[in-house]
Structure formats: C-alpha cells, structure tokens
Amino acid sequence: MTGTAPVPFTADDYKARMDRAARQAADAGLAGLLVAPGPDLVWLTGYAPPAVTERLTLLVLAVGRQPVLVVPTLEAPDAEKATGAPALALRDWTDGKDPYALAAALLDDRGRFGVSDNAWALHLLGLQQALPDTSYVSLTEALPMLRAVKDAAELERLAAAGAAADAAFEEIRNVRFSGRRESEVAADLAALLRRFGHSQVDFTIVASGPNGADPHHEAGDRRIERGDMVVLDFGGLRDGYGSDTSRTVHVGEPTEEERRVHDLVREAQEAGFRAVRPGAACQDVDRAARAVIADAGYGDHFIHRTGHGIGVTTHEPPYMIEGEERPLVPGMCFSVEPGVYLPGRFGVRIEDIVTVTEDGGRRLNDTERGMVMVD
C-alpha cells in the first residue's frame, strides 16, 4: 500500500514561495537570500542537484529582482528541468572560472544576506573574499518561520506521511519482539516505512529496557527481553514531506509503575495537544505537557523540548520549548512528544504530529496511545 500520488507542485507554486521568501527577507532588513543545495532549495525551486559537490550552486533572491540560480555548467541541464525553473534565470559557470565572481556580481556589495543553514563554509568564505563588506546570517536565525506555515497541498502530504507511519506501527506491533535484537526490529520498521510509501527513512529508534532512558538511542545488539518497555520512534520522508511518531510498547505484562508512568506521559501528551490553538505561544504547548509530568514528581526526568516543526525535513522550526514566544498560526505543523526517562530502568515517549487549525489542533497520527503489549 502506497496510497495515491499527491497533486504535483507547479511552477507558480515555486514562484510564489520565492516571492514570499524575498519579501520576508526585505522585511527582516536583509538585502536578499542565498540558498545552497538542501531542503530550502528544494522547497523554493523544486531543484535538488544530482550530487552535492564542491562546485558552487546558489539561489539568489531579492525583492524586485528575478531569482537567479548560479549552477555549474555540467549540471545546468538538470536545473533547467526543475519545476520552478521557469521563474528563474540560470547563470552557469565552467570549471576553471571563478564562481564567486559570478555570484558577487548579483549581490549588493555592502549587503547583509540570509544564508541557508547547510551552505558550505567553503562557499561562504569565497563570497566573503569576493565581497569583503558583506555580512551574513543563518536563515534559521533571520527567517525561522519561512517554511513553518504549510499550504493545503503541503498539509495533504504531511497527513499522508503520518498515515503511512501509523500503518507501519500497526504492522510492527504484531511482530515478535522478545529474543530479537533492537537492530532487527529497527530494520523491520524501516522496511515497513518504505512499503508504505516512504522514499527516505531518517530514523528508527528501538530502545528497549534501560536503553529507553536515552531519547536518541541508536538501535543496537541488545536482545529485547520479556518485561521490557520499548520506545519506538521512527520517521522519514514520503513524497518529500516528513513523518515522525513515537509509541512505547511493553513486552508482556507491565508492572504497576510502568503503567503509571505510561499513563502519565499519555496525559501529558494530551495536555500538550489541547494547548494547541491559534494565537497561543509555542512555549504554551511545552508548559502544558511539562506541568503534568512535573506535578507528578517526574519533572527532572523530562529532559527535552516538547516538540519540533516538521515539513520537508523531519526537524525544523518552530520549536515547542520554554522561551519560544512566537504565536501558533493555522498551517503550522509540529510534534507533541513528552517523555519520562528513568536512567538504568526504562523510558516512555508518546508523539504525534499536530497541525494548527482555525480553532485548535488536528493530529496527523492516530494509533493507540494507551499501553500496547507485544510478544
């Protein structure tokens, strides 16, 4: 089962994104944006270079100017095929030429520019050498909400990715856990995500017993035993948009304490979800979930933020964390994933992707949040 293909993005969609990005840059006091290969370039243009190399590829955006994509000549035919290419001017350069001189001619020689976070230092230093009076700031710092509010087509893809991750969980809960290595169950999860339409698997955390107290545990050779709590956290990209969900299962019958902690995390996750509404601050979601856990005496064991944004990457702004006062806006998508981690014993995490609606929130994951027992 892979589901129906989503409606493709059009050249007009990409043009609108580039125009919006240029306007936001100007509103932030920037002379423009410089976008290197990576998720920002794909989101803005639909172009992903066939390989990320040392050759400069750079999208230049500024209000009142046509977007320009600087690209190596040998990759220009691929760039011309990108869906967003009709809205671009291509400027290609050949080996042996100076690509930074070409890029510099497109820039204000005293401007301050936003730069995509994954731009290579090699290229940024090359631009600084060509234009010593320019300055730069990361896009996450300058325009953290650039990709945060999703349109209807993006929400459809995120919902499909969430449904695919849910389908993977419904299958994995029926496989045997006891006596198998964490890595074997993780491989099963990865295969299921691909079977349900994911082109990319970013992570398959399978953290059993005491390993569950490590939120980012790498699935290893530990054999899962009866009596183990097992944290499952998995996701990736389907049709270019992310999934990310966590459920905590138990091998056999749980103890009273394990049930109590699991119920506590489920209550905290519900509280975080119910705090989602337009106009609320991002930190309100964190506060709501964290208060439930703190009031039960486990506050020191909730050791990470309550959530992160998701879109063309599985982790991006906005973040549901104390101090983040940006308001929630319809179309934002992010995780709500409180957890309790007891070192040397076990951990519990429950996570859904949530989107902000006009009057609250909507979950994009809907598998069982109560205690699930596996063999």
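This report describes the overall architecture and several local features of a predicted protein model.

Residues are numbered from 1 along each chain as its sequence is written, and side-chain values use heavy atoms, with hydrogens and water left out. Because the model is predicted, local features need pLDDT of at least 70 and side-chain atom pairs count only at pLDDT 80 or more, while totals for chains, interfaces and linings use all residues.

**Overall architecture**

The protein chain has 10 helices and 18 strands. These elements are DSSP runs numbered from the N terminus, with helices (H or I) of at least four residues and strands (E) of at least two. The C-alpha trace spans about 70 × 40 × 35 Å along its principal axes.

Of the 375 residues in the protein chain, 54% are buried. Buried means under 20% relative accessible area, exposed over 50%, and partly exposed in between (1.4 Å probe, protein chains only). The protein chain exposes about 15,700 Å², and carbon and sulfur atoms supply 49% of that area; accessible areas come from the Shrake-Rupley method with a 1.4 Å probe, and for residues only the protein chains shown count as cover.

Contact means heavy atoms within 4.5 Å. Among contacts between residues at least 6 apart in sequence, 67% join residues at least 24 apart.

The protein chain carries 39 positive and 58 negative charges, whose mean positions are 2 Å apart. Lys and Arg count as positive and Asp and Glu as negative, without His and the chain ends; each charge is placed at NZ of Lys, CZ of Arg, CG of Asp or CD of Glu.

**Aromatic pairs**

Rings of Phe, Tyr and Trp (its six-membered ring) pair if their centres lie within 6.5 Å; planes under 30 degrees apart count as stacked, over 60 as edge-to-face and the rest as tilted. The count comes to 3 aromatic pairs. The ring centres of F9 and Y14 are 6.1 Å apart and the planes stand at 75 degrees, so this pair is edge-to-face. Ring pairs link F9, Y14 and Y241 into a cluster.

**Accessibility of selected residues**

| Residue | Relative accessible area | Class |
|---|---|---|
| F9 | 12% | buried |
| Y14 | 8% | buried |
| D239 | 34% | partly exposed |
| E322 | 46% | partly exposed |
| M371 | 16% | buried |

**Loop residues and backbone features**

D239 is found in the loop between β8 (229-238) and β9 (241-242). The phi angle of D239 is near 50 degrees, a positive value in a residue other than glycine.

A cis peptide bond, with omega about 5 degrees, joins P317 and P318; P318 belongs to strand β12. The loop between β12 (316-320) and β13 (333-336) contains E322. E322 and C282 are 40 residues apart in sequence, and their C-alpha atoms are 8.0 Å apart in space. Beyond its neighbours within four places in sequence, E322 is in contact with Q283, D286 and R287.

M371 lies in the loop between β17 (361-363) and β18 (372-374). M371 and V249 are separated by 122 residues in sequence and by 6.3 Å in space, C-alpha to C-alpha. Leaving aside neighbours within four places in sequence, M371 has contacts that include M229, H250, P254 and H262.
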